[in-house]
Amino acid sequence: MTQSKDNPEKSRELISEDSMKDLLTKQLDIVGSGGAYVWAIFFLCVTPNILNGFHVSSYTLLGHLPDDQWCGIPDLQDTNWTLAQKREIAAHGLDSGGCTVWDWDYQHLAKMSYEAALNYTGHHLESAQPAEVSCKVKGRYEYANPESTFVSDWDLTCEQSIQRTSAQVSISLGKFCGSFTFGILADKFGRKASFTLGALFFIVGSFFCTFSPWYSLFLAGRFLLGAASSGLFYPAFTMIVENICLKHRSWMSIAFSASYPVGMIILAIIGYFIQPWRDLQLALTIPSLLLILNCYLMNESPRWLIMNRRYDRVYKILFRQPSHYQVQPTAAAIAPVVTDKKSMEPQGSFSLGERLKNGPLKSIIELFANPSVRKLIFTSYFMFCVTSLSYYVTALNAANMSVSRYLYIIGTGLVDIPSYLVPVIMLRFTGRRITTMFLFLWTGVSLLLVLAVPAGSTTWIVAFAMLGRFGISATYSVVTLYTAELYPTEIRNSALGTCSTFAHVGSISAPFVVDILGALGWYIPTTICGCCVLVAGLLTLMLPETGTGKLSDKVEDTPATVPAEEAEKK
């Protein structure tokens with residue numbers, strides 16, 4: 001067919017919309033089965049998750065409690081006493097970790113020799129004991145190796161110790177908000193747009209944390225990092241699920257999840273050699289600049305473009321050349337075919353409620369309007385919340401052990417990596433549903449076995465807790481893949497995003513379960529998690545199997561909650 005120079009559009013070959021969809025879908029199946037396209041998607045999506053492992057776990061190294069802390073008394077600075085002698089005079093017999101001192105007249109004591117001051121304070125402690133006051137009343141906090149933790153920069157200790165915890169809470173709150181927001185944005189404006197915004201948040205948040213002179217700005221940076229981790233994770237994971245064939249989808253999704261503990265191990269190694277916390281934060285910030293390259297090289301998800309009828313752009317991505325087809329919309333099509341050019345807004349006036357219903361809230365409404373989807377989403381919410389709660393409870397319980405921070409992070413990462421490999425084998429033979437149920441039961445039983453261990457048997461308690469962590473880490477990766485396949489393309493990211501929101505409800509709740517309920521009984525946190533995980537495993541039996549290789553695109557195509565074969569038997 002000859003092409004007219006005056007009007008090239010007229011020379012394009014006509015094709016029906018259904019035929020165009022079939023053509024693009026078949027080509028996506030071909031390029032998604034292997035080759036450079038598959039590996040490009042994989043590496044562009046995996047590298048941001050390694051960065052997530054950096055920053056989300058960096059709290060253990062950046063905000064650890066100082067190895068030693070005491071109250072420095074300015075009135076005693078000019079004496080010729082040793083540091084140990086000054087601490088003995090100020091806090092003799094006190095077990096407050098440097099938070100309080102005795103209310104002495106330190107100007108008077110500074111005029112004495114150490115022996116005279118010791119006799120003076122010892123006599124008065126026996127006869128008329130002075131008041132015990134906060135360190136800030138008489139002096140200031142001093143630390144061993146103060147440059148290794150941000151606690152010393154802002155005195156986040158003693159009565160301000162809760163402020164230290166807020167650094168980790170900020171990450172969880174950011175992920176809570178980001179998972180909900182970025183999921184909707186990814187469904188509405190595309191996977192790449194959401195990923196790019198998440199990358200921007202990640203870079204800005206990293207620089208805030210590195211150079212902030214105020215703790216409030218540091219918390220804002222941590223919040224941005226938490227939000228950005230969701231903005232990077234879910235669009236990237238959805239790109240793998242949507243555009244890679246079933247043969248590679250399972251192991252690549254597991255490898256994607258395993259990249260997180262790889263980031264933790266790298267963090268521990270970097271942290272071991274770079275002790276000052278600001279230098280360590282800077283070392284973690286520099287790699288985030290690579291996200292600019294990811295955004296430049298990443299293409300939009302072809303499956304999302306097909307759903308939004310942007311056929312010319314999909315054709316160019318899959319065939320690496322401009323489309324020579326002119327699409328004729330079907331008679332039943334309501335929305336116009338969208339090219340790469342901006343479409344005109346529909347004419348007419350709509351109420352605010354209609355604009356919200358058909359705009360930003362459309363995908364959220366569809367999660368609850370359809371009965372089949374509604375049953376799936378509530379089950380998914382419980383599964384995600386319980387999985388996240390158990391994951392962070394096991395992490396916080398293990399952190400109370402007297403082990404090296406660096407060895408602990410490396411050990412956790414080493415436990416997590418094989419936990420992501422086990423499901424790869426199981427998914428090949430048992431499918432999504434049975435694998436998910438088995439891993440839930442594995443985790444629940446392991447955590448409940450802690451009840452059978454005497455309180456003093458630390459080795460066995462740690463062994464069962466790590467066995468439970470192994471199981472819950474494996475469960476996390478499978479649940480994410482399983483959930484992504486349960487929902488159709490047009491609401492997949494909204495489903496994943498809102499599920500992640502409930503997961504962060506679990507992660508935010510975990511410190512309270514450990515600190516408050518754990519104070520009532522050391523076994524209560526693991527018992528609660530074990531029981532909840534067992535319930536989640538039983539609920540999995542109600543879900544359909546998704547390991548057939550075919551993903552649904554429309555809400556109407558969503559499978560029933562109970563598999564059809566089992567429903568017929570019943």
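Modeller: Here are a few questions and answers on this predicted model.

Colleague: Happy to start with Ala-236. Why is Ala-236 called buried?

Modeller: Buried means under 20% relative accessible area. Ala-236 has 1% relative accessibility, so Ala-236 counts as buried. You will find Ala-236 in helix α11, residues 215-243.

Colleague: Which residues does Ala-236 touch, leaving out those up to four places away in sequence?

Modeller: Ala-236 touches Cys-45, Phe-195 and Phe-256. Contact here means heavy atoms within 4.5 Å. As for Met-298, 62 residues from Ala-236 along the chain, the two C-alpha atoms are separated by 9.9 Å.

Colleague: And what makes Leu-282 partly exposed?

Modeller: The partly exposed range lies between the buried limit of 20% and the exposed limit of 50%. Leu-282 has a relative accessible area of 32%, so Leu-282 is called partly exposed. Leu-282 sits in helix α13, residues 277-285. Together with Phe-207, Phe-211, Ile-286, Leu-289 and Ile-292, Leu-282 makes a nonpolar surface patch of about 560 Å².

Colleague: Now for helix α4. Which residues of α4 are buried, and how do you know that they line one face of the helix?

Modeller: In α4, residues 83-91, the buried ones are Lys-86, Ile-89 and Ala-90. Looking down the axis of α4, the buried residues fall within an arc of 95 degrees, so they line one face of the helix.

Colleague: What do those buried residues of α4 pack against?

Modeller: Their partners are β3 (100-102), α5 (106-110) and α6 (114-127). After α4 comes Gly-93, with a positive phi near 85 degrees.

Technical notes: Residues are numbered from 1 along each chain as its sequence is written. This is a predicted model: local features need pLDDT of at least 70, side-chain atom pairs count only at pLDDT 80 or more; totals for chains, interfaces and linings use all residues. Side-chain values use heavy atoms; hydrogens and water are left out. Buried means under 20% relative accessible area, exposed over 50%, partly exposed in between (1.4 Å probe, protein chains only). Helices (H or I, at least four residues) and strands (E, at least two) are DSSP runs, numbered from the N terminus. The arc is that of the directions from the helix axis to the C-beta atoms. Patches are made of residues with over 30% relative accessible area and no salt bridge: like charges are joined within 9 Å, nonpolar side chains (Val, Leu, Ile, Met, Phe, Trp, Tyr) within 5 Å. Accessible areas come from the Shrake-Rupley method with a 1.4 Å probe; for residues, only the protein chains shown count as cover. A salt bridge is a side-chain nitrogen of Lys or Arg within 4 Å of a carboxyl oxygen of Asp or Glu.
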